Amino acid sequence: KDEVRGDIGRVIDFELGPGGRLAGIEWFIERWKDRFSDYSQGLFIWLETIIEFIAKDGHNLDTVEKILGKEPSPEAEAGLDSLYRAVIEKASRGSPTSKMIVRFVLGFVVASSKIMQPLTARFIHAFLPPSISITLDKVEIILLRLSAILISDVLGIRATHKSVLDFASDK
């Protein structure tokens, strides 16, 4: 456990350094550094997801403080699920339309992973129900907000880790 804690500390120190994804918020990370180890429970995907979430959310730290302010889940997978829920909730910004789009996006990502053919934002936009009146730009913004758990690039949209697919399939 101490070895993993040390490894996590080294990853965080690297990300706090010049060009790191956490550069500029040392004051916040140092305050919560021990909690990162407690919450990750040795799952580096948890650590990678929280770092990416912080970096892509423009260092908006309110949600991160809520996550780290609670007691860690007794099981590592439950902690990872809790983090994925927080990313999804933050991506939807409380909007019912955005929540619906996030569900569609996750469903499309899970389905496309089965056929090993990632879909594009344009494809997802085209297959949203007509009752959801949203521009392609808005879909792309939601995808950007989900970038801690989804990769969206010229190859298509896919999960950052198999655990995201498992989580989305279970929910």
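Visitor: Which residue just after helix 5 takes a positive phi?
Guide: That's R93, with a phi of about 50°. Helices here are DSSP runs of H or I with at least four residues, strands are E runs of at least two, and both are numbered from the N terminus.

Visitor: Is this a predicted model or something else, and how is it numbered?
Guide: This is a predicted model, where local features need pLDDT of at least 70 and side-chain atom pairs count only at pLDDT 80 or more, while totals for chains, interfaces and linings use all residues. Residues are numbered from 1 along each chain as its sequence is written, and side-chain values use heavy atoms, leaving out hydrogens and water.

Visitor: OK, and what is the mean pLDDT of the chain?
Guide: The mean is 85, and 96% of the residues reach 70 or more; pLDDT is the predictor's confidence in each residue, from 0 to 100.

Visitor: Where is confidence lowest and where is it highest?
Guide: Lowest in helix 4 (residues 62-69), at a mean of 78, and highest in strand 2, at 93.

Visitor: Back to helix 5. How far does it reach?
Guide: Its 17 residues reach 25 Å from first C-alpha to last, close to the 24 Å expected at 1.5 Å a residue. The expected span is 1.5 Å times one less than the number of residues.

Visitor: Which of its residues are buried?
Guide: Among them are L80, L83, Y84, V87 and I88, and K90 is buried too. Buried means under 20% relative accessible area, exposed over 50%, and partly exposed in between, using a 1.4 Å probe on protein chains only.

Visitor: What do those pack against?
Guide: Helix 3, helix 4, helix 6, helix 8 and helix 9. A contact here means heavy atoms within 4.5 Å.

Visitor: And helix 6, what span should it have?
Guide: At 1.5 Å a residue, the 19 residues of helix 6 (residues 96-114) should span 27 Å, and the end C-alpha atoms are 28 Å apart, which agrees. Its buried residues include I101, V105, F108 and V110. The cover over them includes helix 5, helix 7, helix 8, both strand 1 and strand 2, and helix 9.

Visitor: What follows helix 6?
Guide: M116, which has a positive phi near 60°.

Visitor: How do strand 1 and strand 2 pair?
Guide: They are antiparallel, over four bridges, and form a hairpin with two residues between them. Strands pair if DSSP finds at least two bridges between them.

Visitor: Which residues have the most contacts inside the largest nonpolar core?
Guide: F36, I50, L146 and L150, in a core of 55 residues. Such a core is a set of buried Ala, Val, Leu, Ile, Met, Phe, Trp, Tyr and Cys residues joined through side-chain atoms within 4.5 Å.

Visitor: What does I50 touch?
Guide: Not counting residues up to four places away in sequence, I50 touches F36, V64, I67 and L83.

Visitor: New topic: is E52 buried or exposed?
Guide: E52, in helix 3, counts as buried because its relative accessibility is 13%. Leaving aside neighbours within four places in sequence, E52 is in contact with R21, S147 and A148.

Visitor: And K162, buried or exposed?
Guide: K162 is exposed, with a relative accessible area of 56%, and sits in helix 9 (residues 162-170).

Visitor: What does its side chain make a polar contact with?
Guide: The side chain of D166, at 2.9 Å. A polar contact is a pair of N or O atoms within 3.5 Å; within protein, one must be able to donate a hydrogen and the other to accept it, and residues adjacent in sequence count only if both atoms are side-chain atoms.
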